[in-house]
Every structure is written in C-alpha cells, then in structure tokens.
Amino acid sequence: MREFSESYLSRTREGMWADSRAALEPLALESHDRVLDVGCGTGELSRVLAAESPGEVIGCDADPDLLAAASEHVPVVTGDAVRLPFPDDAFDLVVCQALLINLPEPAAALAEFARVSRDLVAAVEPDNAAVEVDSSVDAEDDLERRARRAYLDGVQTDVSLGADAREAFETAGLEVCETRRYDHVRTVEPPYGEPALVAARRKATGAGLADDRETMLSGALTEAEYDDLRGSWREMGRTVIDQMEAGEYRREEAVPFFVTVGRVSESRP
C-alpha cells in the first residue's frame with residue numbers, strides 16, 4: 001500500500017466537505033451509533049463523521065504518526081484494512097475515504113469492512129483519471145494530463161476506482177444501495193497561502209515529479225521522456241511563481257469523488 005505524509009493528506013483533503021455534505025446523505029450518519037473510519041489518516045473525514053453522527057466515531061489506520069493527528073478529534077486504533085482488530089458486527093457503519101484506490105485487492109478490504117459492520121459499508125473514492133485542471137498558466141493543464149497518464153500507466157493499483165466501485169462491493173458480497181458523485185474543487189488565487197507557495201516551489205524544482213519517478217517509469221514512459229517532461233514541468237513551475245509574484249496566478253482543480261454505499265447481506269455466514 002502507498003504511504004502518505006501528514007502534510008500531503010492535510011493539503012489534498014483540507015476543506016473537502018466544507019462546501020457541501022450532500023453526497024454523504026446515503027450514509028445516514030444521524031442514525032448510526034458506532035462508526036469506523038478505516039484508513040483515517042490525519043482524520044479529515046473522521047471529523048466530519050463525528051460532527052454529523054450522534055454516536056461514537058473511531059479512526060483506524062496502520063500509520064501511528066498519522067493517528068497521532070487524528071486522535072485530536074476522535075478515538076483511534078492502529079490496524080490494517082484487511083485485518084481489522086475488531087470482532088464481527090462491532091459497528092453499524094464502516095467507511096473509508098481514498099483508501100481502496102491504494103490497495104491491491106480492494107474487494108478484500110471491503111469484505112473485512114462487512115465482517116465488522118452489521119449494517120452499512122461506504123467508500124468515498126476518487127476517479128483520478130478524470131481530474132480537470134483550469135490554470136492561468138497555459139502549459140499547466142497539458143503537462144498535468146501528461147504526468148497523470150504516465151502515473152496511471154505505472155501505478156499498480158486502480159486509482160480511478162471511484163466511478164466503478166460497484167464491482168468491488170459486489171465481489172465482497174455487499175448489496176450496493178446508492179452511488180453519488182461529489183466534485184472536490186481546490187482553488188488557488190490571491191492572496192496565496194503557504195500550501196500554494198509550497199506547491200509552486202515543488203513545481204519549479206520538479207520535486208513533485210521526482211516523487212513519482214519510479215512509478216512513471218514502471219509504465220511505458222522512457223527515461224528520456226521523463227526527463228523531457230520534468231524539464232517542461234520545471235519551466236511551467238517558474239511561470240507559476242512569476243504569475244504569483246504579479247498576483248496573477250489562478251488555478252482550479254476538480255477531483256471527482258464517488259460515494260458508494262453497500263448493505264451487509266442478512267444471509268452472510
């Protein structure tokens with residue numbers, strides 16, 4: 001499973017549910033007494049679940065450093081998504097966010113979620129192949145598409161699972177109740193916050209692409225093509241910084257998420 005830093009999770013998930021929580025309505029949070037957030041990371045979703053549910057919300061993650069941050073908001077337990085440290089039927093809702101896309105066998109995790117849930121299982125997963133970027137830097141959208149294609153070609157898990165999670169749910173023996181789409185839109189505009197400035201510097205140095213170099217080269221991308229992409233990427237980053245200094249840089253990124261909810265079968269063993 002891929003590992004993520006606390007700063008990465010905070011940067012990519014910050015404010016995700018700030019504008020609307022309508023996509024979470026099928027979870028019926030108001031009617032659940034015990035909720036488990038698997039792969040909770042630093043607890044961004046856990047906080048929302050705790051705010052919307054009158055019952056107890058517990059966060060679970062394999063990374064103790066991330067759990068330290070999540071523990072400021074909800075009780076936490078260290079555990080693996082496919083070997084949860086809970087007895088059967090311990091919760092009435094088990095949910096995850098952006099977890100299944102990083103697992104080699106998402107259906108196996110969903111089957112484990114179903115084991116510890118007596119009612120519902122839900123997954124909030126993105127379709128990373130359908131991300132859309134609108135930027136004041138002309139080259140940024142095209143370069144991000146090229147980088148995304150190379151990354152998707154090399155990654156070993158289905159990072160576009162969100163739109164097609166139904167199959168994994170059904171393989172796990174869950175009856176799919178509903179799927180809702182929610183677009184998480186991240187906007188960068190003046191005045192620029194520290195996360196936006198950090199992201200711009202990482203573009204200008206090529207650090208972001210360097211993090212994904214191994215994955216990109218695992219696909220069809222050649223080293224020469226990677227070097228060409230990274231050179232163009234760094235040039236684009238310098239343009240981003242120039243526009244920021246002039247107060248002219250604007251960027252909007254829309255990541256489609258799909259909230260899939262399944263019911264645990266009454267006929268399970």
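Two strands pair if DSSP finds at least two bridges between them. Keep that idea at hand as we walk through this predicted model.

Let's begin with β4 and β5. These two strands pair in the parallel sense, and six bridges join them. For a spot to look at, find Val 94, which stands opposite Val 121 in β5.

Strand β8, residues 251-264, pairs with β5 in the antiparallel sense, over seven bridges. Here Pro 126 is the residue standing opposite Phe 257 in β8. How many of the ten residues of β5 are buried? Eight of them are, so this strand is mostly covered, with buried meaning under 20% relative accessible area.

Let's look inside now. The largest nonpolar core has 34 residues, and Leu 36, Leu 100, Leu 110 and Phe 113 have the most contacts inside it. Several elements give two or more residues to this core, including β1 (34-38), β4 (91-97), α4 (106-116) and β5 (117-126). Which element gives the most? That is α4, with six residues.

Leaving aside residues up to four places away in sequence, Leu 100 touches Pro 106, Ala 109, Leu 110, Phe 113, Ala 123, Glu 125 and Leu 161.

Technical notes
Residues numbered from 1 in each chain as written. Predicted model: local features only at pLDDT ≥ 70, side-chain atom pairs only at ≥ 80, totals over all residues. Heavy atoms only, no water. Core = buried A, V, L, I, M, F, W, Y, C linked by side-chain atoms within 4.5 Å. Buried < 20%, exposed > 50% of the residue type's maximum accessible area, 1.4 Å probe, protein only. Helix = DSSP H or I, 4+ residues; strand = E, 2+ residues; numbered from the N terminus. Contact = heavy atoms within 4.5 Å.
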